Amino acid sequence: MIYINGRFLSQRLTGIQRFAYEICCALHQIGVSYTILAPANIRDEYDLTDLSVEIIGGKGSHFWEQVTLPRYMKRHYDGHILLSLSGLSPLCYNRNLFTIHDISYLLKPRAYSLLYCLYYRIMTPIAAKNACKILTVSKFSKDEIMRYIGVLEDKIVVVYNAVRPTALLPRQKKERYLLAVGSLMPRKNIKRLLDAYCSIEQPDFDLYIAGGMHSAFADTEWSAYNNRKGVRFLGYVNADELTNLYRNATAYINPSLYEGFGIPLVEAMAQECAMAVSDIPVFHEVGGNAALYFNPLDLLDIQEKMNAIMHDEHLREQLIKEGKIQVGRFSWEQSAKIIQKLVNDL
């Protein structure tokens, strides 16, 4: 029996939490027996119909994860595997699999609070040392963990993100728009994307930005962009809305400076949406030949690639063709089977 750290169920269903949730669903689909040990404040957005969940009290805090959860494991399920798919694993429970999605808190600390960075700088190496194995979501992140945390290569296993297969809906012939998906935190590089778009003289396409809002949005800098003709901040959108946005976008763009994986690239490929993305190693790993790459620090290059992908239909068709091949590399079932084998071998 596997027990799963269910703290993620108390958090909004975004990138890291979606990985944890989809892995749980895929493990169920392939017949793996497990129980999610969860705090009391599970969010309504999670469909738990087919999942085995045991509430062990308290709210999903660091204290719950580091004290309540390991105490409960030792009292009731000592010796069993504890699988942590997001955040951290409990430091005082050693028989665990622990997931490190990326180490952005080390390399892009300005995106986070000082307390957040300090907490993960201290706790992550300890958790990594105590874990039986470490999961991560890309070969790029595996290399980063080895380099900056000092974990040996054979202790780290790559388990890719994926998307659920969905039927392709007919495209709606509406306005032409370039879609960006992500938060407004600095490492997502949205400001530079906006500057590149705004420097295009009379663009014949809009720029849609979908993702959770940031406190900085109230600043005059963001307000100026929000009032710019052609720019639309959509805020948080649900899964169905996001699928529709990908499907009907002329192209998808991602100017991020640092990622551990890049789920939106897989989402775009799955909806047959051409992509222009940052020329960073992990995006090459995820996107392969299915993307047009640009220097995320070069406004002119971003602008040129935006114009190219929006105005060259043959280029878009070629990228979509490559995307249909590339997206086949990523499957929740395949990732769940890797975890299943890993647990069986321990």
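A residue is called buried under 20% relative accessible area, exposed over 50%, and partly exposed in between. The model is a predicted one.

1. Surface patch. Leu 118, Ile 122 and Ile 126 make a nonpolar surface patch of about 260 Å². Leu 118 belongs to helix α4, which covers residues 114-130. Because its relative accessibility is 46%, Leu 118 counts as partly exposed.

2. Salt bridges overall. Side chains of opposite charge can pair when their charged atoms come close. With a cut-off of 4 Å between a side-chain nitrogen of Lys or Arg and a carboxyl oxygen of Asp or Glu, the count comes to 12 salt bridges.

3. Glu 65 and Arg 7. The closest N and O atoms of this salt bridge are 3.4 Å apart. Glu 65 sits in helix α2 (residues 62-76), whereas Arg 7 is in the loop between β1 (2-5) and α1 (15-29). The pair thus links distant parts of the chain, 58 residues apart. Are the two partners buried or exposed? Both Glu 65 and Arg 7 are buried.

4. Glu 175 and Arg 232. Here the side chains meet in a salt bridge with an N to O distance of 3.8 Å. Glu 175 is in the loop between β7 (156-158) and β8 (177-181), and Arg 232 is in strand β10 (residues 231-235). Distant parts of the chain, 57 residues apart, are linked by this pair. Glu 175 has a relative accessible area of 36%, so it is partly exposed. Arg 232 is also partly exposed, because its relative accessible area is 40%.

5. Arg 187 and Glu 259. The closest N and O atoms of this salt bridge lie 3.7 Å apart. Why does Arg 187 count as buried? Its relative accessible area is 9%, and buried means under 20%. Glu 259 is buried as well, because its relative accessible area is 10%.

Definitions and conventions. Residues numbered from 1 in each chain as written. Predicted model: local features only at pLDDT ≥ 70, side-chain atom pairs only at ≥ 80, totals over all residues. Heavy atoms only, no water. Patch = residues over 30% accessible without salt bridge, like charges linked within 9 Å, V, L, I, M, F, W, Y side chains within 5 Å. Areas by Shrake-Rupley, 256 points an atom, 1.4 Å probe, with all protein chains shown as cover. Helix = DSSP H or I, 4+ residues; strand = E, 2+ residues; numbered from the N terminus. Buried < 20%, exposed > 50% of the residue type's maximum accessible area, 1.4 Å probe, protein only.
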